[in-house]
Amino acid sequence: MKDIKGGTALILCASPEWDSGLAAEQAKKADLVICADGGYLRAEAAGIVPDVLMGDFDSCALEKVRELEKIVYPVRKDDTDLILALRYALERGCKRAVVLGCFGGRLDHTIGNLQSIAYGWRHGLSVTLMDARNRAFPVGEGRTVIPREENCYISFFAMGERCRGITYQGLSYPLTDAVLTADYPLGISNEFVEDEAVVTLEKGLLLCVIAKKG
């Protein structure tokens with residue numbers, strides 16, 4: 001088993017929003033490729049061979065993957081397939097995870113996938129969810145620099161608790177020592193006006209979403 005301590009895991013899920021080119025690009029950068037259940041069918045279509053396949057296999061028949069390393073879980077369980085994949089990435093020593101095939105389809109799955117960002121953060125794993133148009137990732141306490149992305153909106157949401165002491169620089173709608181809460185979307189649809197955005201957060205965890213316009 002290769003040493004990937006401090007590395008990046010690519011986790012492929014089975015939601016409808018899928019881009020094979022993006023998946024192939026991310027697979028080249030990853031130290032560990034995990035397919036969460038039916039994500040294997042997406043990987044196969046993109047020509048990606050995962051390091052491990054895991055889940056309850058309610059959306060991917062076992063006979064299709066008999067040659068691959070598998071970790072099989074019961075269908076009736078508390079954890080989603082994505083949470084199981086994140087736990088495995090943590091066990092292997094990863095510090096970052098990129099998740100594809102995580103948007104679209106069932107709304108409950110999409111919300112659960114976004115919640116996994118907070119789960120990863122609490123356990124020392126920085127999780128980024130993305131598709132061809134969107135990228136969602138955590139912004140923790142302290143100072144975070146986000147490079148400008150052209151033709152994109154940038155939004156911030158409180159993940160659970162109140163986020164206090166928020167200051168933006170380099171964005172069209174600045175904030176100074178502000179508070180974001182989970183019950184009002186004050187931080188939505190901002191825009192870059194400089195080469196980078198600088199976000200300072202005193203307390204809490206923010207979800208940052210960068211979405212292409214149009």
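Leu 86 touches Ile 11, Ala 97, Ser 116, Tyr 119, Leu 125 and Val 127, leaving out residues up to four places away in sequence; contact here means heavy atoms within 4.5 Å. This is a predicted model, where local features need pLDDT of at least 70 and side-chain atom pairs count only at pLDDT 80 or more, while totals for chains, interfaces and linings use all residues. Residues are numbered from 1 along each chain as its sequence is written, and side-chain values use heavy atoms, with hydrogens and water left out.

Now for the bigger picture. Leu 86 is one of the residues that touch the most other members of the largest nonpolar core, which has 32 residues; the others are Ile 11, Ile 34, Val 99, Val 127 and Leu 129. Such a core is a set of buried Ala, Val, Leu, Ile, Met, Phe, Trp, Tyr and Cys residues joined through side-chain atoms within 4.5 Å. Among the elements supplying at least two residues each are strand S1 (8–12), helix H3 (81–91) and S6. H3 gives the most, with seven residues. A second, separate core of 21 residues includes Ile 146, Ala 158, Ala 178 and Val 199.

Next, look at strand S6 (residues 126–130), where you'll find Thr 128. Helices (H or I, at least four residues) and strands (E, at least two) are DSSP runs, numbered from the N terminus. Thr 128 counts as buried because its relative accessible area is 15%; buried means under 20%, exposed over 50%, and partly exposed in between (1.4 Å probe, protein chains only).

Finally, Phe 157 sits in strand S9 (residues 152–158) and is partly exposed, at 25% relative accessible area.
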